[in-house]
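I opened this notebook to record what I looked up in the structure, one topic at a time.

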Amino acid sequence: MKVKAVKHILEANDEAAIKNRKRLTDAGGLGVNFISSPGSGKTTLLEKTIPALGDSKVGVIVGDLQTARDAERVSGMAVESVQINTGLSCHLYANQISEALDEFDLKDLDYLFIENVGNMVCPGEFDLGENVKVILYSFPEGDDKVAKYPTIFKVADIVLMTKSDIKEHCSFDMSRINGDLKKLNENVKVLEISSQRGSNMSDWIDWLESQRVERVGKAARFVSE
Amino acid sequence: MHEFSIADELLNQVLSVAAQNGAESVREVVLEVGKLRLIIPDVMQNAWEGVTKDTIAEGSKLVMEEVEPLGKCNRCGREFSVEFDSYICPACEVADCEIVRGNDIILQSLVMDQDDEDKQD
């Protein structure tokens, strides 16, 4: 017996993601999905970003195969931090975020930061219900990653070039990155930052705050002057 | 590695369609795969073999049909063939487009057995 089906395979994930986005946005919070390879500085960026957001209340969800180390690193500065251990899975799913959202008082959140599992391929395939995707790309990784992993850069709202304080020690051609990005997405924003030194951190914070106003709109309770 | 997640989701859909049709076993699954999803066929086959173990879809054949990606330029409205690493509109020479096709993974059809006598293949 042959049966025609026509079922979208990622439908269940996408539906959960849509619900997450609505829950967050209705409560006035901006969902930010941080994606990068392991070791590009996601957790360090969070450690520097949360205090720089001033009075804003930030919740954090961290995905790793094992350990709660990253959630512990930000636990003192976030309103709440939840670690998800994905076991063998190389990315987070929307339904894991749905469950984690139950741990937060959403009305009390201005931002929800989701630190995805370190991986430049799979996290780009699974919508979690975030409002923006932030891709971190550190200078020591070399200048060929946009061409090698285009799908993740295609969906980026902003590319943060991290560890700019050691840029001069890396063999790196920024024009190559910009050229490869232009082939994928004319509108993507690129910012070189150093979390350690604080370089360009204010531009990054301004961008985040503007996204909150733009995407969460009237529900945004706090707008930076 | 996302092939394993996708195989898992596919299995959920397959088992649900099979249950709706009162099937006892699944023989063949046809899956439409958009090329932009970066599914590696060999890895997907292995994943399918793994996730279907001890289910009524164990031993089923997974047929993958690749779909070439198509973009639609947000500036001039032209539809054009998208490359894995380039989404530039040939007319505008700018990458600012929506993906019309090639980004979906869709279960298209199933071949199932309902009774013991149909099982031989």
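**Entry 1, a helix in chain A.** I began with Thr43(A), which lies in helix α2 of chain A, residues 42-52; helices here are DSSP runs of H or I with at least four residues, strands are runs of E with at least two, and both are numbered from the N terminus. I noted that the model is a predicted one, in which local features need pLDDT of at least 70 and side-chain atom pairs count only at pLDDT 80 or more, while totals for chains, interfaces and linings use all residues. Residues are numbered from 1 along each chain as its sequence is written, chains are lettered from A and ligands numbered from 1 in the order in which they are written, and side-chain values use heavy atoms, with hydrogens and water left out.

Is Thr43(A) buried or exposed? Its relative accessible area is 5%, so Thr43(A) is buried, where buried means under 20%, exposed over 50% and partly exposed in between, with a 1.4 Å probe and protein chains only. Leaving aside residues up to four places away in sequence, I found Thr43(A) touching Asp70(A), Arg73(A), Val74(A) and Glu115(A) (contact means heavy atoms within 4.5 Å). The buried residues of α2(A) also include Lys42(A), Leu45(A) and Ile50(A). Just after α2(A), Gly54(A) has a positive phi of about 65°.

**Entry 2, the contact of the two chains.** I then turned to the interface, to which chain B gives 33 residues and chain A gives 31 residues. The buried area is about 3000 Å², with 59% of it from carbon and sulfur atoms; this is the accessible area (1.4 Å probe) that two parts lose on being put together, summed over both. How many salt bridges does the rule find across the interface of chain B and chain A? It finds one, taking a salt bridge as a side-chain nitrogen of Lys or Arg within 4 Å of a carboxyl oxygen of Asp or Glu. Glu125(A) and Arg37(B) meet through their side chains in a salt bridge, at 2.9 Å from N to O.

Strand β1 of chain B, residues 25-34, has eight of its 10 residues buried, so it is largely enclosed by the rest of the structure. I found β1(B) joined to the antiparallel strand β6(B), residues 105-113, by eight bridges, and in that pairing Ser25(B) has Asp113(B) as its bridge partner. With β2(B), residues 61-67, β1(B) pairs in the parallel sense over seven bridges, and there Leu31(B) is partnered by Met64(B). Two strands count as paired if DSSP finds at least two bridges between them.

I also looked up an open, antiparallel sheet of three strands in chain B, in the order β4-β3-β5. Its edge strands, β4 (79-81) and β5 (97-101), each pair on one side only. Strand β3(B), residues 70-73, is joined to β5(B) by four bridges, and Lys72(B) stands opposite Glu98(B).

A search over all chains gave zero disulfides, a disulfide being a pair of cysteine sulfur atoms within 2.5 Å. For Cys73(B), the nearest cysteine sulfur is that of Cys92(B), 3.8 Å away. Cys73(B) is buried at 4% relative accessible area.
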